[in-house]
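This report covers a sheet and a pocket. Please keep the model open while reading.

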Amino acid sequence: MSGIRIVGSHIRNQWFSYFAGISMVAAGSLFATQIPRLIGSVTDSLRDGTLGTSEMAGYVGLIILIGVVRVGTGWGGRVIVHHKGRELTYNLRKQLFEKWGTLSPSYYHRHSVGDMISHALSDVEVVRELVSQGINQAVSGLAMLLGAAYLMAVHVDWRLTLAGLGPLLLIPLLVKWLGPQIRVQSQRSQEALGAMAQTTEEVIGGIRAVKAFGTEHVVISRFENRVDTIVEEKMRFVRLSALFAALVPLMVNLGFIFVLGYGGFLLTMKTISLGDFVAFTLYVTLLRQPLEQLGNVLNIIQRSIASLNRIDELLRVVSEVLDRKGPLLDRPLQGTLEVKGLTFHYAGSKNDVLTDISLSVKPGQTLGIIGGMGSGKSTLADLLLRLYDPPERTVFIDGEDILNYPLARLRDGIAYVPQDGFLFSTTVLENIGFSDEYPDREKAEHCAKITAVHENIQCFPEKYDTEIGERGVRLSGGQKQRIAIARMIYKNAPFQIMDDSLSAVDTRTERRILLNLRELSTSLPDSEGGKAKATIIISHRLSAVQHADEIVVFDDGRIVERGNHAELMSLSGIYAELWFMQAGLTEESDAQRQRDTSEPNLDAEMDVLEAGRMEEVL
Ligand SMILES: Nc1ncnc2c1ncn2[C@@H]1O[C@H](COP(=O)(O)OP(=O)(O)O)[C@@H](O)[C@H]1O
Ligand SMILES: [Mg+2]
């Protein structure tokens, strides 16, 4: 039931608007309950022959006035309450979104994104229905029911009132019987919807694989199964709700029959007047709609409790990586990293992914990390960024355990190119200038030149304002990677980490980028907004780390060799072996890339220039 608190606190915060809205809706309904009484009086006057033209005009005027006031207040109140409902939806979606932004990758490892999207869309929508439709209907229904019951009992006859409204007392029993079933069923159909969203997301995300394997039919039939489940679950839900929605009017009709019988008897006994009888039948008819609405409200409540609880559960999730309690070291990072005897395993798994890792890097230096797939390279990067927390006293920045920095400070100091080089569906400019709310065009162009992607961008239809992704240009793997590296450079942070970020770039362009990067990270004076940076280049290709100051070789989570290129070659170990293997492959695959993609062809002049710089660097 704790989900209810979400709505409770929303109403408390906005109590004045709700108070105004609810009063207006209630007033509108109370006005409406006056009409049958007036018509009853008209009937009596007609029967007694005392109704003159002016009196008749008076009645008509009054009824019209009540109608207008009723519509006005009812409309105003409903608008207010609906508006507040929208506000709640907006706030909830914002809260969910903010929460998802804080959660660590391990959460996303365990939860499906499709499921989460379904929460953000349908569960929140159900809550909005509760707040706007639910409150409006409950207030207008209750006001009308109580108003009519009062008028009937006080002004006409309480026994007749009991006879007419008696059957309605069965409605709570109906709710008790059908409500829980409806709730369970609602949850099941929401879950089915979540499962479909997940399948859709997977298929669309993996459409290339689906096509390449020619397995469209498998995917389609899987998808059809999901849809079938939704239809089944939804139909069960509809059958239950429809039964509920049909039984409520039945009770009302029973009341109507009692009024006709008992009221007719009272009329012939002259206990009530003809006008009373007319007013009574009108009341029972008038109450039909609000009572159906009340039934509907009970339905909405049952349904939204499940949704509210799910939302509440989501909002209560706490990220596994949090700022430490107690005094934090809130100072900018300088660029010295030291890892000491780091051993790490993921939660829920016994095997160590990293074992006894020790390494270090200083500003102006480049550390190369080389190793096969699954050797723990990306895990190390994740730990430096505290996407997962390393054990205490294993990772130090500027001499201080990284666990003692505020997360925001730590991440602010690290520019990172993730392994998949993820780009957002927005303009090239906003992708490169991602670390700024309002990216600087000149700076972005400068960064793109450093990563040799400027020429490509100039060929895009709208250059730096071209949208990337679904609605815009499709980029080659190499272009994506170079834009992702430009984004890293743009951030201008004391640490730079590239996780296999040059794998789709041909070795010649790779060399050019690395040289530019090296120049930038070692020699740019502070006055130009640059600083010596500590660079970590993770790669499975040796050409990317060859010129690093130190190279560590990862194998199955351990460092098995370390040194610079020359030292590692003289060891004649894994590194040297890899070197000879990859040297043969490079030329072949570069030639392949030149044929496949529209990578820029570097002119000879550039090569000469580079050769010159390379001498300097080496
Ligand atoms: N979130 C995770 N939970 C559990 N195991 C993981 C997780 N991420 C990676 N691993 C495992 O850790 C090992 C190292 O992975 P990774 O660091 O990605 O290697 P690399 O980047 O060198 O290819 C692999 O065996 C992988 O399956
Ligand atoms: Mg990796």
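How many bridges join strand β7 to strand β8? Five do, and the two strands, residues 495-499 and 534-539, run parallel. Met 498 stands opposite Ile 537 in β8.

This is a predicted model: local features need pLDDT of at least 70, side-chain atom pairs count only at pLDDT 80 or more, and totals for chains, interfaces and linings use all residues. Residues are numbered from 1 along each chain as its sequence is written, chains are lettered from A and ligands numbered from 1 in the order written, and side-chain values use heavy atoms, without hydrogens and water.

**Sheet.** Six strands form an open sheet in the order β6-β7-β8-β3-β9-β10, with mixed pairing. Its edge strands, β6 and β10 (558-563), each pair on one side only. The twist averages 15° from one strand to the next. Strands (E, at least two residues) and helices (H or I, at least four) are DSSP runs, numbered from the N terminus. Two strands pair if DSSP finds at least two bridges between them. α17 lies across β6 and β7 and runs at about 180° to β6. Contact means heavy atoms within 4.5 Å. Axes are lines fitted to C-alpha atoms, for helices over the stretch in contact, and angles run from 0 to 180 degrees between N-to-C directions.

**Pocket.** The largest pocket holds about 1,500 Å³ of space. Nearest its centre lie Leu 387, Pro 418, Phe 422, Phe 424 and Phe 434.

| Lining of the largest pocket | Count |
|---|---|
| Nonpolar | 19 residues |
| Polar | four residues |

A pocket is an open set of points on a 1 Å grid over the protein atoms alone, where a 1.4 Å probe fits, with protein on both sides within 12 Å along at least five of seven lines; lining residues have an atom within 4 Å of a point. Grid points are joined across faces, edges and corners, and a volume is the space filled by probe spheres set on them. Ala, Val, Leu, Ile, Met, Phe, Trp, Tyr, Cys and Pro count as nonpolar, Asp, Glu, Lys and Arg as charged, and the others, Gly among them, as polar.
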